[in-house]
Amino acid sequence: MPFSLLCLGNPLLDIQAVCPTEFLEKYGLNANDAILAEARHMPIYDEILKYDAKFLAGGAAQNTARGAQYVLPPDSVVYCGCVGEDKFSGLLREANKKEGLYSAYLVEKDQPTGKCAVIVTGTDRSLVTDLSAANHYKIDHLKSPEIWKFVEDSQFYYVGGYHLTVCVPAILALGQHAAETNKVFSMNLSAPFLAQFFKDQMDSVAPYWDILVGNESEAAAYAESHGLGITDVTEIAKAIATLPKANTKRPRYVVITQGSDSTIVVSADTTGVTSTKVYPIRPIAASEIVDTNGAGDSFAGGFIGSVVAGKSIDEAVEVGHWLASWTVRLNGPAYPYPKIEYSA
């Protein structure tokens, strides 16, 4: 039976620990941010081990792929990205297999599997990523007969925005195929730095967005880098929703989460007319929140998985909120096990 959803991203091993704020200050990090590691950040990966660090399967799009698979029937989702030939890629494969996610990795033998330091301070998390093997994904892998068969069989595609720093041709290939065959192409803004420093790469794939997911800080960064001159999240979402579109047979949905505030969805129909809906999140007692790392990825997984399952946008948002509400009760970008079913 073919996979319904194909995801593309940067597979990473998360090294997560609760750290004092001095740790952030030492490396010039913000409490709630995501960056690519520079030379000055490299000692972090050893130093964080002093704080009782946990090793967790990570990478934003891989977290989302596992979340989508969580709300879908077994063997519905396949995930592509590049890993090394080491024990860490083995851990990632095991974590994916537990969720029923198929790992269609490109293996780069000369590079270690990528890693991400997840520095938790209070309810904030700061991500510092050393891509390593993840930075070596190639379109040749996507276009290989085995993997392109997965592409042709899938009806939905999801790409993590972080992959804009890795292999834009692969993203374009998926977007173009989706537009030509009237399939659904979705993407995530992923982090403010992408809109700021990878603007051209982002703009090159924007015409293919049928669904775009992001949060309020990423939307603000998009508005600033594109000179929109607006700060209202709904207005930013409207501006994105009405951008030129390759596949004019489908509407575009722009979904902006705002942490503990309501989620905003702006849709633009095939004539460019927009409509807006606001969805309150599921309230959770502060005492129940263990870790917010992966909450946005989890929302995206529940949302995209529900769209794949044929549910309405209204219900897809609710499932996203539901899945994220469970993730924040657990350590890292994780899902409840044994598996629980969505309840309205």
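## Close-up views of a predicted model

**View A. Leu13 has Ala57, in strand S4, as its bridge partner.** This is a predicted model, in which local features need pLDDT of at least 70 and side-chain atom pairs count only at pLDDT 80 or more, whereas totals for chains, interfaces and linings use all residues. Residues are numbered from 1 along each chain as its sequence is written, and side-chain values use heavy atoms, with hydrogens and water left out. Strand S2 (residues 12-18) and S4 are joined by 5 bridges and run antiparallel; strands (E, at least two residues) and helices (H or I, at least four residues) are DSSP runs numbered from the N terminus, and two strands pair if DSSP finds at least two bridges between them. Helix H3 packs on the sheet and touches both S2 and S4, with a direction at about 75 degrees to that of S4. Such angles run from 0 to 180 degrees between N-to-C directions, the axes being lines fitted to C-alpha atoms and, for helices, fitted over the stretch in contact, while contact means heavy atoms within 4.5 Å.

**View B. Five strands make an open sheet of mixed pairing, in the order S3-S8-S7-S2-S4.** Strand S3 (33-36) and strand S4 (54-58) are the edge strands, each of which pairs on one side only. On average, neighbouring strands in this sheet are turned by 25 degrees against each other, with direction ignored.

**View C. Helix H3 (residues 60-70) is largely enclosed by the rest of the structure, because 11 of its 11 residues are buried.** Buried means under 20% relative accessible area, exposed means over 50%, and partly exposed lies in between, using a 1.4 Å probe and protein chains only. The buried residues of H3 include Ala60, Ala61, Gln62, Asn63 and Thr64, and among them are also Arg66, Gln69 and Tyr70.

**View E. Ser154 sits in the loop between helix H6 (145-153) and S9.** Ser154 is buried, with a relative accessible area of 0%. Apart from neighbours within four places in sequence, the contacts of Ser154 are Phe3, Ser4, Leu5, Leu6 and Lys183.

**View F. Ser262 lies in strand S13 and counts as partly exposed, at 23% relative accessibility.** Not counting residues up to four places away in sequence, Ser262 touches Ile256, Val278, Tyr279, Pro280 and Ile281. Between Ser262 and Asp14 there are 28 Å in space, C-alpha to C-alpha, and the two are 248 residues apart in sequence.

**View G. The largest nonpolar core has 64 residues, and Tyr137, Leu142, Leu174, Phe185, Met187 and Trp209 have the most contacts inside it.** Helix H7 (residues 168-181) gives the most to this core, with 6 residues. A nonpolar core is a set of buried Ala, Val, Leu, Ile, Met, Phe, Trp, Tyr and Cys residues joined through side-chain atoms within 4.5 Å. With residues up to four places away in sequence left out, Phe185 touches, among others, Tyr157, Val159, Ile171, Leu174, Ala178, Tyr208 and Trp209. A second, separate core has 32 residues, including Ala68, Phe156, Tyr279 and Ala316.

**View H. The protein has 13 helices and 14 strands.** Its radius of gyration is 19 Å, close to the 20 Å that the globule rule gives for 344 residues, so the protein is as compact as a globular protein of that length; this radius is taken over C-alpha atoms, and the rule is 2.2 Å times the number of residues to the power 0.38. Buried residues make up 55% of the 344 residues. Among contacts between residues at least 6 apart in sequence, 73% join residues at least 24 apart.
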